Every structure is written in C-alpha cells, then in structure tokens.
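Me: Hey, could you walk me through this protein before class? Keep it simple, please.

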Amino acid sequence: MDNKKRLTMTKTEKYLNDCFDFNSIRIDIEAKIDLSLPTQASYLKFFIDYVEFNYVFAGCVSSLAGRFHTSPSVEKCPVLDKVSHFVAKNVFEAAIDEYQGITHKEMSLCMIRDMKEFFDDGYDLKPSKNLSVVLRNVREGYGQTNECRFDELALNLGFHIASEKLASFEFSYLDTKIKEDYPEFYTYLNGNKAGQKFKSWLWVEIHGEVEEEHANFAFTASDLIFNELEDEEKVDFLKKVQYGFNTFVEVQSEFFDAVSLQKEFEKGDLSILKLD
C-alpha cells in the first residue's frame, strides 16, 4: 500500500497523536522559523545553518536501518526475528531519496551558491559554532554509538519518527514563506539557469513533498514491531517511542535556539537513550 495514500492511521501514529498536539507543534515551528528569518537577507545565514543541520540525517537514518537489520543476529532478540528486515526497509526509505539520482547534498550546495550570488555575498560564512552540540545530540538520538538493544532501538525509532514528521512541517512552511514574503527571491532560486541541471530551490521543494511520506514509512516500521508484542510489551514499547519522539522535539528546539538567538547552551540530558 502506498504510504502517501493511507486512509487510516497506524497504531503508532494514533498513539502519538493522543500524546502530542501536532498542530501546536507545527505552529511553534512556524513561529521559530519566522523568528529566524526576519528579513530577506537573513535567509543566507539561516540556510547555511539549516543545510548543515540536515546533512547529518541521511547517515543517521542509514545507520539506524542497519542496526535494525542486524539486531536479531547481534542481540538474539526474538521480537525482531521475523520483522527486522522489514523494519529496516521502512526506516531506510527516508535515506533512499537522499542518495538517489541527484543527491540532496548536491541540491543544497547549489541553493546556497545561488543565494550567495543573489545577495552578491563575498564572505565565506560558516555554520554557527553552536551547531556542533545540536549535531551531536542528533547522532545520539539516532543511537549511532549504541548497541542493538531492543529498548534503545525503540527510543531511536521514536526519534526518527519525529525527525521526519516535524521536517514535513519545516520544509512545507519554508516553501510557503518565501513565496509569500519574497516572491522575487523565490523566482530567482526557482528559475532555470544556464548549465544547471536543476532549480536551486529544489532541495526545499522536494523535502516539502517527501517528508510526510518518510514519516508514514517510519510509522509503519513501528507498527511492524508493535504487532509482534504482547499486551504489556506493547504499552512499554509505545512509551519508549513517545520518549524518543519528544527527545527530537527538544533537539529541534535547540537548533532553532542556536540559529535564531545564537545563545550558548550546554548539551541536553539524553541519558534516557543510554539505558543501563
């Protein structure tokens, strides 16, 4: 079944909808984007940071899919024996788009280059220093340094679900905002340029289209595990997914703090992702 055409929610999606007010999360993200983009000129610095923030996800997603795929042989986890490869497939769907054809990194670099040309910017702007903390928290949220323990994988999957779901809010709003606020700037970035194989705004546009589908695949991955569990195990599993989801909400907030307020902050407490 095409994940883009689902008519009913997965069990995981329904559970998270009961736990979180997705509309309030979306409104909060839009407000933070507005704060980060007060002027047309602010787009360049914001997107240098935003591109840097997004670079890490394809590798983290690929790593998480690999950990699910190998989990039965590594940890002898009976819950995942039958479904680990299907779970891995649904997680990995989010990474396929990143590498297939024109890589998304190539798209984003083209966008930054054309933004610099638009503003006639001769400075070699660098990503905000605070991003190193945020990126480390993203890698921890995805469990890149963790073993293939079931409880940790559940937390990491919740983190992944949130990253895809909230990214759909981010990219869709960024696409709408530039069209409404700065149509000439949008036209420049979305125009055909000699010798260029794709429009430089494609990176934002394509993510606005695929992130919801990626989230649907992630919900499906979670339900594949959920359906293998007994009643009490199901409750415990969904609670861990919820905690991982909320952890990403916090990390995303750290990103916007770093780029909009440029305030110093210390690494957040992600100890829940390192179970004893």
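**Chat about the structure**

Reply: Let's start with Lys 129, which is exposed, as its relative accessible area is 77%. Exposed means over 50% relative accessible area, buried means under 20%, and partly exposed is in between (1.4 Å probe, protein chains only).

Me: Okay, but is this a real structure or a predicted one, and how are residues numbered?
Reply: It's a predicted model, where local features need pLDDT of at least 70, side-chain atom pairs count only at pLDDT 80 or more, and totals for chains, interfaces and linings use all residues. Residues are numbered from 1 along each chain as its sequence is written, and side-chain values use heavy atoms, with hydrogens and water left out.

Me: Back to Lys 129, where is it found?
Reply: Lys 129 sits in the loop between helix H5 (104-118) and helix H6 (131-141). Helices here are DSSP runs (H or I, at least four residues), strands are runs of E (at least two), and both are numbered from the N terminus.

Me: How far is the C-alpha atom of Lys 129 from that of Ala 258?
Reply: Those two C-alpha atoms are separated by 8.6 Å, while Lys 129 and Ala 258 are 129 residues apart along the chain.

Me: Zooming out, how many helices and strands are there?
Reply: The protein has 10 helices and zero strands. Along the sequence that reads α-α-α-α-α-α-α-α-α-α.

Me: And what share of the residues is buried?
Reply: Of the 276 residues, 52% count as buried.

Me: Which residues are buried in helix H1?
Reply: In helix H1 (residues 11-19), they are Thr 12, Glu 13 and Leu 16. Looking down the axis of H1, the buried residues fall within an arc of 95°, so they line one face of the helix.

Me: Why would residues a few places apart point the same way?
Reply: An α-helix has 3.6 residues a turn, so residues three or four places apart point the same way.

Me: New topic: how many salt bridges does the count come to?
Reply: The count comes to 11 salt bridges. A salt bridge is a side-chain nitrogen of Lys or Arg within 4 Å of a carboxyl oxygen of Asp or Glu.

Me: Which residue meets Asp 34 in a salt bridge?
Reply: That's Lys 177, at 2.9 Å, N to O. Lys 177 lies in helix H7 (residues 150-181) and Asp 34 in helix H2 (residues 22-36), so the pair ties together parts that are 143 residues apart in sequence.

Me: Are those two buried or exposed?
Reply: Lys 177 counts as buried at 8% relative accessibility, whereas Asp 34 is partly exposed at 32%.

Me: And what about Lys 165 and Glu 212?
Reply: Their side chains also meet in a salt bridge (2.9 Å, N to O). Lys 165 belongs to helix H7 and Glu 212 to helix H9, so this pair ties together parts that are 47 residues apart in sequence. Lys 165 is buried, with a relative accessible area of 8%, and Glu 212 is partly exposed, with 29%.

Me: How many residues apart are Lys 240 and Asp 236 in helix H10?
Reply: They are four residues apart, which puts about one helical turn between them. Their side chains meet in a salt bridge too (2.6 Å, N to O). Lys 240 counts as buried at 15% relative accessibility, while Asp 236 is partly exposed at 38%.

Me: Which residues do salt bridges with shared partners join into one network?
Reply: Asp 34, Lys 177 and Asp 181 are joined that way.

Me: Last one: which residues form the negative surface patch?
Reply: Glu 230, Asp 231, Glu 232 and Glu 233 form it. Patches are made of residues with over 30% relative accessible area and no salt bridge, joining like charges within 9 Å and nonpolar side chains (Val, Leu, Ile, Met, Phe, Trp, Tyr) within 5 Å. Asp and Glu count as negative, Lys and Arg as positive, and His and the chain ends are not counted.

Me: Where is Glu 233?
Reply: Glu 233 is in helix H10 (residues 231-261), and at 39% relative accessibility it counts as partly exposed.

Notes. Areas by Shrake-Rupley, 256 points an atom, 1.4 Å probe, with all protein chains shown as cover. Charge placed at Lys NZ, Arg CZ, Asp CG, Glu CD. Arc of directions from axis to C-beta.
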